[in-house]
Amino acid sequence: MKDSTQNKITINIGPVHPSTHGVLRFIVDISEDTIVKVDPEIGYVHRGVEKMAEMKNYNSFMPVADKLDYIAALNWEVLYADVIEKALNVSITPRTVYIRTIMCEIQRIMSHLLFLAHVGEDLGNTTLFMWGFRERELLMDVVEEVSGGRLAPMYMSIGGVYYDLTLSFGRRLLEVLDTIEHKVKNEYKAISYQNDAFRLRTVGVGVMSKEFGISHGLTGPNIRASGVKRDLRKDSPYLAYDKVDFEVITENDGDAYARFMVRINEILESIKILRQAIKEIPSGETKVKVPWFFKIPPKYTFVRHETPRGEAAMYLVTNGDLKPYRLKIRAPSFYAIQAIKDLLVGNKVADLVTILGSLDPVPGEIDR
Amino acid sequence: METVERLKSEFSSSLTSLPSTNANETLLLLSENEALKKLVKSISTEFDILFTLLVVDRPPEAFELNYVFSRYRDSALLTIRVNLNHDKPVIDSIAKILPSAEWEEREAYDLFGIKFRGHPDLRRILLQDDWPGRPLRKDFVVTDEIRNWTGLDLKF
């Protein structure tokens, strides 16, 4: 047996590398081809979002909340609007509740499709990369039709949404959902989860036990892949999630394959939610009048939502001024990257990219 | 909650309940900073993750640390509030008890300059090592010099 401290080599991955999904850097110590120690370095896209929040009035922060996680912008918009509305004691109209639910689920499918695309790219499966983007584009167009924006739609306003849904929205969305459901169930199956080359690279790679995930504070699809049945949409329902019927997807293996499968199945669940929401959406107003400048009396407001990457939260501290006194943002990817330094130890260096990709981190929300 | 009753009998003199404005949240104020580690140990079987660590700068008196604990079983939240001396903000690290606290504490050190005793790896996390000052403190003013800071000796 060789001493693992001997022949130790330090290699550097990133900060700009195609498989780090943004600007992330890893300083990895390897012995032969086994990882001994990992030091993730974050902060390359730190924009000081929490400081910016203290310098802007409540409405002006919305475009910044939009760009926290540039892959799931609508979820963060809804979360920010929700925290301000809770602090103001404004209740939104029933139609807005449904529109926001629909937008959150569209964004979840888009985010998961991008995840599938990137895992495909990381494994050299370029077809999956192209297909993921192809299906995401269909939903992008639907979002664009309503909001005018694609990546950062700026659709939510405090007290409602900026525009009502267009007349053709429901029909068009249902068509797109049919296409995506068909592709995920048939084409994706053949090229990814039923494909031998794909399974060899992901099954049993980066196994995360239930206890490990819990102690490191992982949430969302990552923890559900380790067998923890935990979803805020079910456990503390917000928006219209208590009025629609859906399952919480779990897998038991906790490896990269399980994390991939959870997201594949969550796409199908989201399609289910969207079909019900489109059918049940009530008519009526989409806005509650909230002035552009307003003050919030001194209080603490805490709101958490289930974003595609896990449980995101905002903790707002106000002091009766036009601006927040403090806004703390809890980003689920921050915890995923924190866990990766312990998760990678003992794995082969060739699996680093697979494990990192399977946790679906986004530097935008890690660095804030 | 039974946990709260148990904690109150265990830490009778130093723990007070405060009214919380959030649903599902129990807010407790811990007046004895040295007892934090013991308290976290005592609740860590019940509340298994440090959901977030909210630091509020309240000059000139204190830094207010809000440890928000959560659990996977249900949506209950437990917040422990601790006030630190503004001139010498030092507190025991809980990273060894709850691994999820490690980076949250590094972030509080980076952006507020709060020192955590016994932290395994207390370095800056989001900013570079030579960044001037602690940006989330209230006395930190964002000037043009800060906005254009690159960390390099560049002349344009």
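## Two chains and the contact between them

Leaving out residues up to four places away in sequence, A:Pro363 touches A:His21, A:Gly22, A:Val23, A:Leu24, A:Val45, A:Tyr70 and A:Arg368. This proline sits in helix α15 of chain A. Is A:Pro363 buried or exposed? With a relative accessible area of 1%, A:Pro363 counts as buried, since the cut-off for that word is anything under 20%. For a sense of distance within the chain, take A:Thr250: A:Pro363 is 113 residues from A:Thr250 along the chain, and their C-alpha atoms are 26 Å apart. Bear in mind that all of this comes from a predicted model.

Now for chain B. Its C-alpha atoms fill a box of roughly 65 × 30 × 30 Å along the principal axes. Chain B has four helices and seven strands, and along the sequence they run α-β-β-α-β-β-β-β-α-β-α. Chain B has 156 residues, and 54% of them count as buried. If you look at contacts in chain B between residues at least 6 apart in sequence, 47% link residues at least 24 apart.

The helix that opens that pattern, α1 of chain B, spans residues 2-10, and its buried residues are B:Thr3, B:Val4 and B:Leu7. Looking down the axis of α1(B), these fall within an arc of 95°, so they line one face of the helix. What covers them includes β1 (15-18), β2 (25-30), α2 (36-43) and β5 (77-85) of chain B. The face of α1(B) turned away from the buried side carries the exposed residues B:Glu2, B:Glu5 and B:Ser9.

So much for the chains; here is where they meet. Chain A puts 41 residues into the contact and chain B 47. Between them the chains bury about 3,700 Å², with 56% of it on carbon and sulfur atoms. On the side of chain A, A:Lys51, A:Tyr300 and A:Tyr325 supply 18% of the area buried against chain B, more than any other three residues.

How many salt bridges are there between chain A and chain B? The count is six. There are also 23 residue pairs in polar contact between the chains, counting pairs with both residues at pLDDT 80 or more. Among the elements of chain A that give two or more residues to the side touching chain B are β5 (34-41), α1 (49-55), β8 (299-307) and α15 (363-367). The largest share, five residues, comes from α13(A). By type, the residues on that side of chain A divide into 17 nonpolar, ten polar and 14 charged.

| Pair | What meets | Distance |
|---|---|---|
| A:Arg230 and A:Glu311 | side chains, polar contact | 2.8 Å |
| A:Arg230 and B:Arg71 | polar side-chain atom and backbone oxygen | 3.5 Å |
| A:Lys328 and B:Glu104 | side chains, salt bridge (N to O) | 3.0 Å |

Note on methods:
Residues numbered from 1 in each chain as written. Chains lettered and ligands numbered in written order. Predicted model: local features only at pLDDT ≥ 70, side-chain atom pairs only at ≥ 80, totals over all residues. Heavy atoms only, no water. Buried < 20%, exposed > 50% of the residue type's maximum accessible area, 1.4 Å probe, protein only. Arc of directions from axis to C-beta. Contact = heavy atoms within 4.5 Å. Buried area = accessible area lost by both parts, 1.4 Å probe. Salt bridge = Lys/Arg side-chain N within 4 Å of Asp/Glu carboxyl O. Polar contact = N/O pair within 3.5 Å; in protein donor to acceptor, adjacent residues only side chain to side chain. Nonpolar A, V, L, I, M, F, W, Y, C, P; charged D, E, K, R; others polar.
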